[in-house]
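Trainee: I have a model open and would like to learn how to read it. Could you walk me through it?

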Amino acid sequence: MTTTEIKTNDRTTTEATTVRPNTTTTPTPRLNFAKAAPKVFRAVIGLDAAAREGLDPALVELVQIRASHLNRCAYCLHMHTTDARKAGESEDRLHMVAVWQEAEHFFTDRERSALALTDAVTRIGDAGVPDEVYDRAAAHFTEEELAHLLALIFTINTWNRIALSTAKRAGTDER
């Protein structure tokens with residue numbers, strides 16, 4: 001964190017500003033998480049597989065793409081947009097995931113409720129999960145589907161944190 005002095009009306013105040021790290025260079029990969037903690041890695045894979053059960057594969061990719069946008073995880077974003085394309089997802093929808101609230105007509109009510117829940121759970125520290133967001137998702141998903149959707153959101157947030165913490169390189173798609 002850096003500080004900046006600002007002079008206004010004969011008063012000097014100090015303003016704290018956050019300096020983002022240089023994001024123009026690709027970080028050196030730090031460790032191979034799968035090799036360093038194989039039991040933990042397999043457990044996350046198991047959670048991921050269980051979370052997907054019963055959910056539409058296209059919805060799964062949209063949720064994973066959205067959380068990866070919010071978490072600024074280039075590695076996972078590249079992986080899931082590639083997977084979505086292979087599964088037949090349109091370029092238009094892939095481009096609109098980042099601005100889904102302003103591009104409602106690209107997504108169904110069910111998909112929008114899942115994306116809203118993804119936003120709330122991923123940004124849980126901002127305002128928790130508002131009742132209206134949860135209720136909207138609950139109106140579109142059965143209880144079992146909603147539990148799986150939440151687990152999917154938990155899982156992609158975990159994968160994003162693993163990839164970001166270990167400096168995984170986008171485009172390598174090491175699985």
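**Reading the fold**

Mentor: The chain has 9 helices and 2 strands; helices (H or I, at least four residues) and strands (E, at least two) are DSSP runs, numbered from the N terminus. This is a predicted model, where local features need pLDDT of at least 70, side-chain atom pairs count only at pLDDT 80 or more, and totals for chains, interfaces and linings use all residues. Residues are numbered from 1 along each chain as its sequence is written, and side-chain values use heavy atoms, with hydrogens and water left out.

Trainee: In what order do the elements of the chain run from the N terminus?

Mentor: The order is β-β-α-α-α-α-α-α-α-α-α.

Trainee: How much of the chain counts as buried?

Mentor: Buried means under 20% relative accessible area, exposed over 50%, and partly exposed in between (1.4 Å probe, protein chains only). Here 37% of the 175 residues count as buried.

Trainee: Is His148 buried or exposed?

Mentor: His148 counts as buried because its relative accessibility is 16%. This residue lies in helix α9, residues 143-165. For its partners, take contact as heavy atoms within 4.5 Å. Leaving aside neighbours within four places in sequence, His148 is in contact with Ala50, Ala51, Glu53 and Leu55.

Trainee: Which residues of the largest nonpolar core touch the most other members?

Mentor: A nonpolar core is a set of buried Ala, Val, Leu, Ile, Met, Phe, Trp, Tyr and Cys residues joined through side-chain atoms within 4.5 Å. The largest one has 27 residues, and Val63, Leu117, Leu149 and Leu152 touch the most other members. Two or more residues come from each of α3 (57-71), α6 (109-122), α8 (131-140) and α9. Not counting residues up to four places away in sequence, Leu149 touches Leu55, Val63, Ala114, Leu117 and Phe141. A second, separate core of 11 residues includes Cys76, Ile156, Trp159 and Ile162.

Trainee: At roughly what angle do the axes of α3 and α6 cross?

Mentor: Axes are lines fitted to C-alpha atoms, for helices over the stretch in contact, and angles run from 0 to 180 degrees between N-to-C directions. The axes of α3 and α6 cross at roughly 35° and come within 9 Å. Among the residues making this contact are Leu59, Val63 and Arg66 of α3, with Glu111, Ala114 and Thr118 of α6.

Trainee: Which residues account for 63% of the contacts with a separation of 6 or more?

Mentor: Those are residues 24 or more positions apart in the chain.
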